[in-house]
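I opened my notebook to look up a pocket and a ligand. Here is what I looked at.

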Amino acid sequence: MSLRDPGSPTALRIAPSILAADFASLGAALHQLDAVTDWVHLDVMDGHFVPNLTLGPALVASLRPHSDHLFDCHLMVTDPRRHLEAFAHAGADSCTVHVEAHEAAAALADARALGLRVGLALNPDTPAAAVLDHLGDVDVILVMSVFPGFAGQAFIPEVLTKVRDLREEIDAHAPRVDLEIDGGIDQDTAGGAVAAGARVLVAGSAIFRAADPLDAARELRHRARSA
Ligand code: DX5
Ligand code: ZN
C-alpha cells in the first residue's frame, strides 16, 4: 500500500475535521478544500470511549475518491484493535489511537503491521509522560485541546504547556514525528498552538461552519503562520 504524502514534520499543515461538516455534501466539500488544506481528519467515535457516535469505514471508503489528501483517522474508540484493519482497507492512510484506550501499545504495532501511519492521541488531562515511551513507535502525536466527543467546543489553553513539552521531546528524540493538535482550533487559537510547537492543526467548526470554508481555511493558515 502506498500512503499519501504527509508533508514535512516541520511544515504547517491544516487538517479539516469533517465532523463539523454537512454529512450530506461531504464529497464536494472535501474536493473543494483539497486546494487549500493538507490532510483530511476523520473523527471515529464508538459511543463508548466517548458519548457520541460518528462514522465508520464505509464512509471513509465512500469519501476516498473525493480527495487526494492523506486520510487521518482519529479513533476515539475503546478497542481500536478491533477496527484498524477495516479502516486500512477503506483507504485510511493514518490511524491514531488514544493512549487511554484498551491495549493502545498493541494497537500501535497492529497499525504499523497494516502499513498505516501510526498516531497516538492524549486527552487534555493525560500528561505528556504517558506517550513519551512510544515516541519511537509512532508517526504522529495528537494533543487533544478539548475533551473528545463533539465539534464546536472551546479550546483549553492549559494544554499548550504540554504541547511545548512534547515539542522539546520530539525535537530531541524523534524529529520525524508530527505534532498535531485537535479541538477548538480557530483563527484566534491557531497562532498560540503553532508557537507552542504544533505543526498539524485540526479544525472543524472554524472551517466547515464558516460562511466560506475555503476562505476560512486560508485565513487559518495565514494566522497560524504569522504567530
Ligand atoms: C473532537 C474531535 C475533533 C473536533 C474538532 O472530539 O476529535 O476533531 O471535531 O472540531 P472543532 O475544531 O470544532 O473543535
Ligand atoms: Zn479529532
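I began with the largest pocket, which is lined by 24 residues; Phe 150, Ala 151, Gly 152, Gly 183 and Gly 184 lie nearest its centre. This is a predicted model: local features need pLDDT of at least 70, side-chain atom pairs count only at pLDDT 80 or more, and totals for chains, interfaces and linings use all residues. Residues are numbered from 1 along each chain as its sequence is written, chains are lettered from A and ligands numbered from 1 in the order in which they are written, and side-chain values use heavy atoms, with hydrogens and water left out.

A pocket here is an open set of points on a 1 Å grid over the protein atoms alone, where a 1.4 Å probe fits, with protein on both sides within 12 Å along at least five of seven lines; lining residues have an atom within 4 Å of a point.

I noted a volume of about 250 Å³ for the largest pocket. Its volume is the space filled by probe spheres set on the points, which are joined across faces, edges and corners.

What takes up this space? Ligand 1 does. (A molecule sits in a pocket if more than half of its atoms lie within 2 Å of its grid points.)

Next I checked polar contacts (pairs of N or O atoms within 3.5 Å). A backbone N or O atom of Gly 149 lies 2.8 Å from an oxygen atom of ligand 1. Gly 184 also has a backbone N or O atom 2.8 Å from a ligand 1 oxygen. For His 41, a polar side-chain atom lies 3.4 Å from an oxygen of ligand 1. Taken alone, ligand 1 exposes 380 Å² (Shrake-Rupley method, 1.4 Å probe), and the protein buries 99% of that.

Notes: A polar contact is a pair of N or O atoms within 3.5 Å; within protein, one must be able to donate a hydrogen and the other to accept it, and residues adjacent in sequence count only if both atoms are side-chain atoms.
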